Amino acid sequence: MHAIDDGIKMDDGLAKRLTKLPWALAAALIVALIAVVTFGILRMQAPSEPRTTRVIDAIGDPSATRQPSIVDYDLLDSRIEALMLQPDMVGLAIGTVERGQVRFIKGYGETLAGSGQSVTPDTVFRWASVSKGVASALVVGLAEEGKLSLDAPLAGMGTTLTLPGDAGAVTVAHLLAHRVGLVRNAWDDRLEAGEDPRTLRAALGTLPQFCPPATCYGYQNIAFDAASELVEQATGQSYASAAQERLFAPLGMTSASVGRAGLQSAKSWAQPHRGSRRPTTVNDSYYRVPAAGGVNSSILDLTRWMQAQMGDAPDILSPTALEAMHRPRVATPPRGARSAMDRALGDAAYGLGWRSFTYAGRALVGHRGSVDGYGSLILFDPADKSGIVMLWNSNHGRAARLQLEFFDMLYGLPPTDWLELPASNEEPTG
(Lines give C-alpha, C1' and ligand atoms only; values in the text may rest on other atoms or scores of the structure.)
Protein backbone atom coordinates (compact mmCIF):
# COMPACT_ATOMS: atom_id res chain seq x y z
CA MET A 1 0.00 0.00 0.00
CA HIS A 2 1.19 3.50 -0.81
CA ALA A 3 0.21 6.57 1.20
CA ILE A 4 -0.69 9.90 -0.29
CA ASP A 5 0.42 12.88 1.79
CA ASP A 6 -2.93 13.36 3.59
CA GLY A 7 -2.85 9.81 4.92
CA ILE A 8 -5.44 8.39 2.45
CA LYS A 9 -4.19 5.09 0.99
CA MET A 10 -4.77 3.47 -2.37
CA ASP A 11 -4.31 -0.02 -3.80
CA ASP A 12 -0.87 -0.88 -5.33
CA GLY A 13 -2.42 -1.86 -8.65
CA LEU A 14 -4.30 1.40 -8.89
CA ALA A 15 -1.12 3.34 -8.15
CA LYS A 16 0.76 1.54 -10.94
CA ARG A 17 -2.05 2.16 -13.44
CA LEU A 18 -2.11 5.87 -12.59
CA THR A 19 1.64 6.17 -13.31
CA LYS A 20 0.99 4.97 -16.88
CA LEU A 21 -1.60 7.72 -17.55
CA PRO A 22 -0.74 11.21 -18.86
CA TRP A 23 0.40 13.37 -15.97
CA ALA A 24 -2.57 15.80 -16.03
CA LEU A 25 -5.17 13.05 -16.20
CA ALA A 26 -3.51 11.09 -13.40
CA ALA A 27 -3.40 14.19 -11.20
CA ALA A 28 -7.07 14.89 -11.82
CA LEU A 29 -8.00 11.34 -10.89
CA ILE A 30 -5.97 11.53 -7.69
CA VAL A 31 -7.64 14.83 -6.68
CA ALA A 32 -11.08 13.37 -7.37
CA LEU A 33 -10.25 10.27 -5.31
CA ILE A 34 -9.09 12.40 -2.39
CA ALA A 35 -12.28 14.49 -2.54
CA VAL A 36 -14.57 11.44 -2.52
CA VAL A 37 -12.80 9.77 0.37
CA THR A 38 -12.56 13.00 2.37
CA PHE A 39 -16.30 13.60 1.91
CA GLY A 40 -16.95 10.11 3.25
CA ILE A 41 -14.80 10.77 6.31
CA LEU A 42 -16.56 14.05 6.99
CA ARG A 43 -19.94 12.35 6.75
CA MET A 44 -18.84 9.72 9.26
CA GLN A 45 -17.50 12.38 11.61
CA ALA A 46 -20.52 14.71 11.39
CA PRO A 47 -22.55 14.78 14.59
CA SER A 48 -25.85 12.96 14.31
CA GLU A 49 -29.17 14.61 15.16
CA PRO A 50 -29.95 14.25 18.87
CA ARG A 51 -32.49 11.52 19.53
CA THR A 52 -34.42 13.69 21.94
CA THR A 53 -34.86 16.80 19.78
CA ARG A 54 -36.30 17.22 16.34
CA VAL A 55 -37.70 20.14 14.37
CA ILE A 56 -40.19 19.54 11.57
CA ASP A 57 -41.47 21.97 8.97
CA ALA A 58 -44.91 23.51 9.14
CA ILE A 59 -47.47 21.79 6.92
CA GLY A 60 -47.40 23.32 3.46
CA ASP A 61 -44.74 25.93 4.29
CA PRO A 62 -41.23 24.66 3.48
CA SER A 63 -39.73 28.14 3.95
CA ALA A 64 -41.13 28.54 7.46
CA THR A 65 -37.89 27.71 9.28
CA ARG A 66 -36.23 30.86 7.87
CA GLN A 67 -38.08 33.07 10.36
CA PRO A 68 -36.36 33.96 13.65
CA SER A 69 -37.66 32.38 16.82
CA ILE A 70 -39.38 34.51 19.45
CA VAL A 71 -39.40 32.13 22.42
CA ASP A 72 -36.20 31.62 24.41
CA TYR A 73 -35.91 27.84 24.07
CA ASP A 74 -32.79 27.61 26.19
CA LEU A 75 -34.80 29.08 29.04
CA LEU A 76 -37.81 26.90 28.28
CA ASP A 77 -35.58 23.83 28.21
CA SER A 78 -34.04 24.72 31.57
CA ARG A 79 -37.50 25.16 33.08
CA ILE A 80 -38.54 21.72 31.86
CA GLU A 81 -35.33 20.18 33.17
CA ALA A 82 -36.15 21.66 36.59
CA LEU A 83 -39.70 20.34 36.33
CA MET A 84 -38.41 16.86 35.58
CA LEU A 85 -36.57 16.84 38.91
CA GLN A 86 -39.87 16.83 40.77
CA PRO A 87 -40.62 13.53 42.50
CA ASP A 88 -43.79 12.79 40.52
CA MET A 89 -42.38 13.37 37.04
CA VAL A 90 -41.19 10.42 34.93
CA GLY A 91 -41.33 11.27 31.24
CA LEU A 92 -42.56 14.20 29.17
CA ALA A 93 -42.65 15.27 25.53
CA ILE A 94 -43.26 18.78 24.23
CA GLY A 95 -43.81 20.44 20.87
CA THR A 96 -44.20 24.12 20.00
CA VAL A 97 -45.24 26.09 16.93
CA GLU A 98 -44.55 29.78 16.35
CA ARG A 99 -46.32 31.65 13.55
CA GLY A 100 -46.97 28.38 11.78
CA GLN A 101 -43.41 27.10 12.21
CA VAL A 102 -42.57 24.05 14.30
CA ARG A 103 -39.82 25.28 16.58
CA PHE A 104 -39.15 22.82 19.34
CA ILE A 105 -39.83 19.12 19.81
CA LYS A 106 -38.12 17.24 22.59
CA GLY A 107 -38.51 14.30 24.95
CA TYR A 108 -37.46 14.28 28.60
CA GLY A 109 -37.11 11.55 31.19
CA GLU A 110 -38.03 7.91 30.79
CA THR A 111 -40.79 5.79 29.34
CA LEU A 112 -40.61 3.63 32.49
CA ALA A 113 -39.10 4.85 35.75
CA GLY A 114 -35.63 3.39 36.30
CA SER A 115 -35.49 1.70 32.89
CA GLY A 116 -33.06 4.07 31.22
CA GLN A 117 -35.35 4.08 28.16
CA SER A 118 -35.51 7.71 27.05
CA VAL A 119 -38.62 9.51 25.92
CA THR A 120 -38.06 10.68 22.34
CA PRO A 121 -40.19 12.61 19.82
CA ASP A 122 -41.44 9.21 18.60
CA THR A 123 -42.57 7.91 22.01
CA VAL A 124 -46.33 7.27 22.05
CA PHE A 125 -48.50 8.54 24.93
CA ARG A 126 -52.24 8.66 25.61
CA TRP A 127 -54.15 11.81 24.66
CA ALA A 128 -56.93 11.26 27.22
CA SER A 129 -59.60 13.97 26.79
CA VAL A 130 -57.61 15.80 24.13
CA SER A 131 -59.15 13.00 22.04
CA LYS A 132 -62.48 14.85 22.07
CA GLY A 133 -61.21 17.15 19.33
CA VAL A 134 -60.85 14.13 17.03
CA ALA A 135 -64.47 13.13 17.61
CA SER A 136 -65.57 16.67 16.89
CA ALA A 137 -63.55 16.80 13.66
CA LEU A 138 -65.07 13.54 12.45
CA VAL A 139 -68.66 14.55 13.22
CA VAL A 140 -68.28 18.07 11.82
CA GLY A 141 -66.63 16.64 8.71
CA LEU A 142 -69.53 14.24 8.20
CA ALA A 143 -71.93 17.17 8.59
CA GLU A 144 -70.06 19.03 5.85
CA GLU A 145 -70.57 15.99 3.60
CA GLY A 146 -74.28 15.99 4.35
CA LYS A 147 -74.18 12.63 6.11
CA LEU A 148 -75.63 14.09 9.31
CA SER A 149 -76.63 17.47 10.70
CA LEU A 150 -75.22 19.24 13.74
CA ASP A 151 -78.68 20.69 14.35
CA ALA A 152 -80.52 17.35 14.14
CA PRO A 153 -82.25 16.15 17.33
CA LEU A 154 -80.01 13.55 18.89
CA ALA A 155 -82.99 11.43 19.88
CA GLY A 156 -83.60 10.52 16.26
CA MET A 157 -80.00 9.57 15.47
CA GLY A 158 -80.15 5.95 16.66
CA THR A 159 -77.51 6.09 19.39
CA THR A 160 -77.78 4.23 22.70
CA LEU A 161 -77.87 7.51 24.65
CA THR A 162 -80.95 8.33 26.72
CA LEU A 163 -81.39 11.58 28.64
CA PRO A 164 -83.58 12.69 31.53
CA GLY A 165 -86.58 14.97 31.06
CA ASP A 166 -87.67 16.41 27.74
CA ALA A 167 -84.52 15.75 25.71
CA GLY A 168 -86.10 16.36 22.32
CA ALA A 169 -84.32 19.70 21.96
CA VAL A 170 -80.83 18.19 22.39
CA THR A 171 -78.93 18.23 19.11
CA VAL A 172 -75.69 16.70 17.86
CA ALA A 173 -73.99 20.04 18.51
CA HIS A 174 -75.27 20.05 22.09
CA LEU A 175 -73.74 16.61 22.59
CA LEU A 176 -70.31 17.81 21.44
CA ALA A 177 -70.60 20.89 23.68
CA HIS A 178 -71.60 18.93 26.82
CA ARG A 179 -75.06 20.50 26.96
CA VAL A 180 -77.19 17.38 27.46
CA GLY A 181 -78.66 18.20 30.87
CA LEU A 182 -76.66 15.68 32.92
CA VAL A 183 -74.61 16.26 36.05
CA ARG A 184 -70.93 16.49 35.14
CA ASN A 185 -68.99 13.26 34.58
CA ALA A 186 -72.16 11.22 34.91
CA TRP A 187 -71.34 7.65 35.96
CA ASP A 188 -67.63 7.87 35.18
CA ASP A 189 -67.10 5.99 38.43
CA ARG A 190 -69.12 3.07 37.09
CA LEU A 191 -67.21 3.14 33.81
CA GLU A 192 -63.95 2.99 35.77
CA ALA A 193 -65.35 0.07 37.77
CA GLY A 194 -65.60 -1.91 34.52
CA GLU A 195 -69.26 -1.52 33.53
CA ASP A 196 -70.15 -1.54 29.83
CA PRO A 197 -70.34 2.02 28.46
CA ARG A 198 -73.20 1.29 26.06
CA THR A 199 -75.31 -0.12 28.90
CA LEU A 200 -74.48 2.89 31.05
CA ARG A 201 -75.26 5.28 28.20
CA ALA A 202 -78.64 3.66 27.65
CA ALA A 203 -79.52 4.15 31.33
CA LEU A 204 -78.42 7.78 31.72
CA GLY A 205 -82.03 8.83 31.19
CA THR A 206 -82.89 7.44 34.62
CA LEU A 207 -80.74 10.06 36.36
CA PRO A 208 -82.27 13.21 37.82
CA GLN A 209 -82.13 16.12 35.41
CA PHE A 210 -79.27 18.48 36.27
CA CYS A 211 -80.67 21.30 34.14
CA PRO A 212 -83.06 21.60 31.21
CA PRO A 213 -81.24 19.99 28.25
CA ALA A 214 -79.43 22.41 25.93
CA THR A 215 -79.39 25.16 28.58
CA CYS A 216 -76.24 24.55 30.62
CA TYR A 217 -72.81 22.91 30.63
CA GLY A 218 -71.94 19.59 32.27
CA TYR A 219 -68.77 17.82 31.15
CA GLN A 220 -69.33 14.21 30.02
CA ASN A 221 -67.45 11.12 28.89
CA ILE A 222 -69.98 8.29 28.62
CA ALA A 223 -72.63 10.52 27.04
CA PHE A 224 -70.07 12.26 24.81
CA ASP A 225 -69.05 8.89 23.39
CA ALA A 226 -72.39 8.73 21.60
CA ALA A 227 -70.32 10.62 19.01
CA SER A 228 -68.50 7.38 18.22
CA GLU A 229 -71.86 5.77 17.41
CA LEU A 230 -72.76 8.68 15.13
CA VAL A 231 -69.48 8.26 13.26
CA GLU A 232 -69.89 4.50 12.89
CA GLN A 233 -73.46 4.81 11.62
CA ALA A 234 -72.58 7.52 9.09
CA THR A 235 -69.44 5.83 7.74
CA GLY A 236 -70.16 2.12 8.14
CA GLN A 237 -66.70 1.81 9.73
CA SER A 238 -65.44 1.32 13.22
CA TYR A 239 -64.63 4.57 14.99
CA ALA A 240 -60.91 3.71 14.96
CA SER A 241 -60.94 3.04 11.19
CA ALA A 242 -62.81 6.25 10.46
CA ALA A 243 -60.32 8.29 12.50
CA GLN A 244 -57.42 6.62 10.71
CA GLU A 245 -58.77 7.04 7.18
CA ARG A 246 -60.32 10.48 7.52
CA LEU A 247 -57.80 12.24 9.77
CA PHE A 248 -54.64 10.45 10.85
CA ALA A 249 -53.47 9.08 7.51
CA PRO A 250 -54.23 12.22 5.46
CA LEU A 251 -52.43 14.37 8.04
CA GLY A 252 -49.39 12.08 8.09
CA MET A 253 -49.93 11.15 11.74
CA THR A 254 -48.23 7.79 11.41
CA SER A 255 -48.09 7.00 15.15
CA ALA A 256 -51.69 7.99 15.91
CA SER A 257 -54.21 5.30 16.82
CA VAL A 258 -57.39 4.62 18.77
CA GLY A 259 -57.34 1.93 21.47
CA ARG A 260 -54.99 0.29 23.94
CA ALA A 261 -53.35 -1.98 21.35
CA GLY A 262 -52.17 1.06 19.41
CA LEU A 263 -50.38 2.35 22.50
CA GLN A 264 -48.74 -0.86 23.65
CA SER A 265 -47.69 -2.04 20.18
CA ALA A 266 -45.64 1.10 19.56
CA LYS A 267 -41.87 0.60 19.40
CA SER A 268 -41.49 3.24 22.13
CA TRP A 269 -44.45 3.88 24.42
CA ALA A 270 -44.72 5.70 27.73
CA GLN A 271 -45.95 3.54 30.57
CA PRO A 272 -48.24 5.07 33.23
CA HIS A 273 -47.12 6.06 36.74
CA ARG A 274 -48.76 7.14 39.97
CA GLY A 275 -47.40 9.05 42.95
CA SER A 276 -43.64 9.04 43.31
CA ARG A 277 -42.79 7.33 40.04
CA ARG A 278 -44.68 4.14 40.81
CA PRO A 279 -45.48 2.23 37.60
CA THR A 280 -49.03 1.06 37.11
CA THR A 281 -50.90 -0.87 34.43
CA VAL A 282 -52.70 0.70 31.49
CA ASN A 283 -56.37 1.04 32.39
CA ASP A 284 -58.72 0.57 29.44
CA SER A 285 -61.79 2.30 30.95
CA TYR A 286 -61.60 5.35 28.73
CA TYR A 287 -60.44 3.40 25.71
CA ARG A 288 -63.97 1.93 25.86
CA VAL A 289 -65.36 5.42 25.19
CA PRO A 290 -63.02 6.21 22.29
CA ALA A 291 -64.60 9.49 21.25
CA ALA A 292 -64.08 10.78 24.79
CA GLY A 293 -60.55 9.54 25.47
CA GLY A 294 -59.27 6.85 23.13
CA VAL A 295 -56.47 8.41 21.04
CA ASN A 296 -52.71 7.82 21.31
CA SER A 297 -49.77 9.34 19.46
CA SER A 298 -46.26 10.71 19.66
CA ILE A 299 -45.61 14.38 20.32
CA LEU A 300 -44.66 14.72 16.66
CA ASP A 301 -48.16 13.75 15.62
CA LEU A 302 -49.87 15.81 18.30
CA THR A 303 -47.92 18.77 16.92
CA ARG A 304 -49.16 17.94 13.42
CA TRP A 305 -52.69 17.81 14.82
CA MET A 306 -52.24 21.29 16.29
CA GLN A 307 -50.98 22.63 12.97
CA ALA A 308 -54.07 21.24 11.27
CA GLN A 309 -56.25 22.95 13.89
CA MET A 310 -54.47 26.20 13.01
CA GLY A 311 -55.67 25.88 9.43
CA ASP A 312 -52.63 24.32 7.77
CA ALA A 313 -54.56 21.39 6.27
CA PRO A 314 -57.69 22.99 4.73
CA ASP A 315 -58.40 20.02 2.47
CA ILE A 316 -58.84 17.86 5.57
CA LEU A 317 -60.13 20.38 8.13
CA SER A 318 -61.81 23.26 6.32
CA PRO A 319 -61.92 26.80 7.69
CA THR A 320 -65.68 26.37 8.11
CA ALA A 321 -65.18 23.19 10.14
CA LEU A 322 -62.54 24.83 12.34
CA GLU A 323 -64.82 27.78 13.04
CA ALA A 324 -67.67 25.46 13.97
CA MET A 325 -65.47 23.47 16.36
CA HIS A 326 -63.57 26.32 18.02
CA ARG A 327 -66.37 28.91 18.40
CA PRO A 328 -67.42 29.31 22.06
CA ARG A 329 -70.95 27.95 22.57
CA VAL A 330 -71.40 27.68 26.32
CA ALA A 331 -69.66 29.31 29.28
CA THR A 332 -67.79 26.95 31.61
CA PRO A 333 -68.02 28.64 35.01
CA PRO A 334 -65.34 27.91 37.59
CA ARG A 335 -65.89 24.92 39.84
CA GLY A 336 -64.19 24.71 43.22
CA ALA A 337 -60.73 26.07 43.98
CA ARG A 338 -58.85 27.24 40.92
CA SER A 339 -55.11 27.48 40.38
CA ALA A 340 -53.42 30.75 39.46
CA MET A 341 -53.14 29.44 35.90
CA ASP A 342 -56.87 28.75 35.67
CA ARG A 343 -57.62 32.22 37.04
CA ALA A 344 -55.35 33.77 34.41
CA LEU A 345 -57.21 32.02 31.58
CA GLY A 346 -60.32 34.17 31.30
CA ASP A 347 -63.65 33.84 29.47
CA ALA A 348 -63.57 30.07 29.73
CA ALA A 349 -66.05 28.45 27.35
CA TYR A 350 -66.61 25.27 25.37
CA GLY A 351 -67.14 24.79 21.64
CA LEU A 352 -67.46 21.41 19.94
CA GLY A 353 -64.84 19.20 21.58
CA TRP A 354 -62.64 22.24 22.29
CA ARG A 355 -62.24 24.76 25.10
CA SER A 356 -61.63 28.45 24.54
CA PHE A 357 -60.06 31.16 26.71
CA THR A 358 -58.59 34.62 26.61
CA TYR A 359 -55.08 35.35 27.85
CA ALA A 360 -53.27 38.67 27.63
CA GLY A 361 -56.08 39.91 25.39
CA ARG A 362 -55.65 37.01 22.95
CA ALA A 363 -58.16 34.30 22.09
CA LEU A 364 -56.82 30.79 22.74
CA VAL A 365 -58.20 27.34 21.92
CA GLY A 366 -57.18 24.08 23.58
CA HIS A 367 -57.97 21.16 25.81
CA ARG A 368 -56.37 19.26 28.65
CA GLY A 369 -56.63 15.58 29.45
CA SER A 370 -55.91 13.16 32.27
CA VAL A 371 -56.36 9.44 32.71
CA ASP A 372 -54.73 7.20 35.29
CA GLY A 373 -50.97 7.66 34.87
CA TYR A 374 -51.05 10.15 31.98
CA GLY A 375 -51.52 13.86 31.28
CA SER A 376 -51.91 15.84 28.08
CA LEU A 377 -52.58 19.34 26.80
CA ILE A 378 -52.88 21.42 23.67
CA LEU A 379 -53.24 25.21 23.68
CA PHE A 380 -52.86 27.54 20.70
CA ASP A 381 -53.55 31.01 19.39
CA PRO A 382 -55.40 30.43 16.09
CA ALA A 383 -54.86 33.98 14.82
CA ASP A 384 -51.12 33.89 15.54
CA LYS A 385 -50.71 30.22 14.53
CA SER A 386 -48.66 29.61 17.65
CA GLY A 387 -49.11 27.05 20.38
CA ILE A 388 -47.82 24.29 22.62
CA VAL A 389 -48.57 20.58 23.05
CA MET A 390 -47.42 18.35 25.89
CA LEU A 391 -47.73 14.68 26.87
CA TRP A 392 -46.50 13.06 30.10
CA ASN A 393 -46.75 9.69 31.85
CA SER A 394 -47.65 10.51 35.45
CA ASN A 395 -50.51 11.97 37.46
CA HIS A 396 -48.53 15.14 38.16
CA GLY A 397 -50.69 18.11 37.10
CA ARG A 398 -48.03 20.78 37.63
CA ALA A 399 -46.65 20.16 34.13
CA ALA A 400 -49.69 21.83 32.56
CA ARG A 401 -48.64 25.20 33.98
CA LEU A 402 -45.75 25.32 31.54
CA GLN A 403 -48.17 26.37 28.80
CA LEU A 404 -48.43 29.91 30.19
CA GLU A 405 -44.67 30.26 30.51
CA PHE A 406 -44.53 29.54 26.77
CA PHE A 407 -47.20 32.15 25.99
CA ASP A 408 -45.54 34.73 28.24
CA MET A 409 -42.37 34.35 26.18
CA LEU A 410 -44.31 34.35 22.91
CA TYR A 411 -46.19 37.54 23.77
CA GLY A 412 -43.22 39.31 25.36
CA LEU A 413 -44.85 39.46 28.79
CA PRO A 414 -42.96 39.78 32.07
CA PRO A 415 -41.93 36.30 33.24
CA THR A 416 -44.14 34.59 35.82
CA ASP A 417 -43.16 31.50 37.77
CA TRP A 418 -46.26 29.53 36.76
CA LEU A 419 -44.56 26.23 37.59
CA GLU A 420 -43.94 27.36 41.18
CA LEU A 421 -41.07 24.94 41.52
CA PRO A 422 -39.33 24.49 44.89
CA ALA A 423 -36.30 26.73 45.38
CA SER A 424 -34.00 23.70 45.57
CA ASN A 425 -33.57 21.57 42.48
CA GLU A 426 -31.89 18.74 44.30
CA GLU A 427 -32.39 15.29 42.85
CA PRO A 428 -35.48 13.73 44.50
CA THR A 429 -35.03 10.59 46.58
CA GLY A 430 -38.55 9.20 46.14
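This is a predicted model: local features need pLDDT of at least 70, side-chain atom pairs count only at pLDDT 80 or more; totals for chains, interfaces and linings use all residues.
Two strands are taken to pair if DSSP finds at least two bridges between them. In the hairpin of β13 and β14, two residues lie between the strands, and G373 adopts a positive phi near 90 degrees.

The hairpin of β12 and β13 has two residues between the strands, and A360 takes a positive phi near 55 degrees. In a regular strand, side chains alternate between the two faces of the sheet.

For the chain as a whole, 15 helices and 15 strands are assigned. Of the 430 residues in the chain, 52% are buried. Among contacts with a separation of 6 or more, 68% are made by residues 24 or more positions apart. The accessible surface of the chain is about 18,800 Å², and carbon and sulfur atoms account for 53% of that surface.

A separate open sheet consists of three strands in the order β5-β9-β6, with antiparallel pairing. Strands β5 (124-126) and β6 (257-258) stand at its edges with a single partner strand each, so one side of each has no neighbour in the sheet. The pairing of β6 with β9 (residues 295-298) is antiparallel and comprises two bridges. In this pairing S257 stands opposite N296 of β9.

Among the helices, α15 (residues 402-411) has ten of its ten residues buried, so the helix is largely enclosed by the rest of the structure. Just after α15, G412 takes a positive phi of about 70 degrees.

A buried position is also found in a loop. T171 lies in the loop between α4 (132-144) and α5 (172-176). The relative accessible area of T171 is 12%, and buried means under 20%, so T171 counts as buried. Leaving aside residues up to four places away in sequence, T171 touches L150, D151, A152, P153 and L154.

A search of the whole structure finds one disulfide. A disulfide is a covalent bond between the sulfur atoms of two cysteines. In this model the bond joins C211 to C216, with an S to S distance of 1.7 Å. The torsion about the S-S bond of C211 and C216 is about -80 degrees, and the disulfide is therefore left-handed. Both cysteines fall under the cut-off for burial: C211 is buried with a relative accessible area of 10%, and C216 counts as buried at 18% relative accessibility.

Note on methods
Residues are numbered from 1 along each chain as its sequence is written. Side-chain values use heavy atoms; hydrogens and water are left out. Helices (H or I, at least four residues) and strands (E, at least two) are DSSP runs, numbered from the N terminus. Buried means under 20% relative accessible area, exposed over 50%, partly exposed in between (1.4 Å probe, protein chains only). Contact means heavy atoms within 4.5 Å. Accessible areas come from the Shrake-Rupley method with a 1.4 Å probe; for residues, only the protein chains shown count as cover. A disulfide is a pair of cysteine sulfur atoms within 2.5 Å.
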